[in-house]
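Colleague: I have the file open next to me. Can we walk through the strands and then the helices?

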Amino acid sequence: MKIRKFAAIDIGSNAIRLLIQNVIEEKGKKTQFRKSSLIRVPVRLGEESFTVGEISEYNEERILNTMKAFKLIMDVNGVEKYMACATSAIREANNGYEIVERIYRDSGVKIEVIDGKKEAAIIASTDLKQLIQNDRSYLYIDVGGGSTEFTLFTDGKIKISKSFKIGTVRILNNLVGEGIWKKIELWIKENIIGLSNMTIIGSGGNINKLHKMSGRKEGEPLSYIWLNAQYHFLESMSYDNRVSELGLNPDRADVIIPASRIYLSAAKWCGAKKIYVPKIGLSDGIIKTIYYSEQ
């Protein structure tokens, strides 16, 4: 048996994450990927990037310090390989690429700025396909702070995938007009013509939190009815009460509502009654991408 360590850094619009996984190789057996540790730092880059068009010096320092800390954590954990990806907040900031260069110079962490298409492809390289049955059609939705990736699976294969500039931080900052909602509705409805038994698979911090709040077991789906009721319940509470009474993290207590709205809207448009919530996301996909690229 050989145990290797790989890491993924996901620089998102709502938070920055470091995932370290043990990759267990054993002759004659399937490679196992097991979480060793996950660290999440609430640096909300999208708030500045999407409204002002650039990231402030204050947040630039926070990203740099986060990367320095992550580098030390990876070193003491004996991480063999890592990959750092930045999504829409860095991509759309006027000074995003300058920050990426400075981080590499001052911390040694190399960051790749990826587009929505590559983000969707990395996520699709996770264990997602193991959940997909050939006799059903699935709409996979990954909701982020700045963008949301939609992937349609039918007959066990990807039919079509698209990234839209809609995300929780954008919605909170009133940067999403009715036009974008209409575009998503049309895209979903056009691509599910002739398909039945639609099911949603959701990923991202918000849907994972909602699943945890529901008390359902791992693998047990959320129902559209429950999610709709929870959405209205959360919306009826003040931000302070969501933090103090429900115990939500301060940077989760606001974005959870627009995230719920995205999932509910998509479920309504595709006629899905259930939402499965596997523990997968961009970070998991990054680690599998690193591992399988050397095979």
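Colleague: How do strand 1 and strand 2 pair, and over how many bridges?

Modeller: This is a predicted model. In it, strand 1 (residues 2–11) and strand 2 pair in the antiparallel sense, over 10 bridges.

Colleague: How many residues sit between them in the hairpin?

Modeller: The hairpin of strand 1 and strand 2 has 4 residues between the strands.

Colleague: And on to strand 3. What sense is the pairing with strand 2?

Modeller: Antiparallel, with 9 bridges between strand 2 and strand 3 (residues 32–41). I20 stands opposite S37 in strand 3, and I24 stands opposite Q32.

Colleague: Which residue has a positive phi in that hairpin?

Modeller: G28, with phi near 80°. The hairpin of strand 2 and strand 3 has 6 residues between the strands.

Colleague: Is strand 2 largely enclosed or open?

Modeller: Strand 2 (residues 16–25) is largely enclosed by the rest of the structure, because 9 of its 10 residues are buried, that is, under 20% relative accessible area.

Colleague: What is the strand order in the sheet they belong to?

Modeller: The order is 3-2-1-4-5, an open sheet of 5 strands with mixed pairing. Strand 3 and strand 5 (111–113) are at the edges with a single partner strand each, so one side of each has no neighbour in the sheet. On average, neighbouring strands here are turned by 20° against each other, direction ignored.

Colleague: Which strands does helix 2 lie across?

Modeller: Helix 2 (residues 57–77) lies across strand 1, strand 2, strand 3, strand 4 (81–86) and strand 5. Helix 2 runs at about 20° to strand 2.

Colleague: How many bridges between strand 6 and strand 7?

Modeller: There are 7, in the antiparallel sense, between strand 6 (residues 137–143) and strand 7 (residues 148–154). Y140 has T151 in strand 7 as its bridge partner.

Colleague: Which residues of helix 8 are buried?

Modeller: I180, W181, I184, E185, W187, I188 and N191. Seen down the helix axis, the buried residues fall within an arc of 165°, so they line one face of helix 8.

Colleague: What do the buried residues pack against?

Modeller: Strand 6, strand 7, strand 8, helix 7 (168–172) and helix 12 (256–270). On the face of helix 8 turned away from the buried side are the exposed residues E178, K183 and E190.

Colleague: Last thing. Which domain does UniProt list for residues 40–287?

Modeller: The unreviewed UniProt entry lists "domain: Ppx/GppA phosphatase N-terminal" for residues 40–287. In this model that span is 51% helix and 18% strand, and its end C-alpha atoms lie 17 Å apart.

Key
Residues numbered from 1 in each chain as written. Predicted model: local features only at pLDDT ≥ 70, side-chain atom pairs only at ≥ 80, totals over all residues. Heavy atoms only, no water. Buried < 20%, exposed > 50% of the residue type's maximum accessible area, 1.4 Å probe, protein only. Helix = DSSP H or I, 4+ residues; strand = E, 2+ residues; numbered from the N terminus. Pairing = 2+ DSSP bridges. Arc of directions from axis to C-beta. Contact = heavy atoms within 4.5 Å. UniProt positions renumbered as here; feature names shortened; annotations may be inferred. Axes fitted to C-alpha atoms, helices over the stretch in contact; angles between N-to-C directions.
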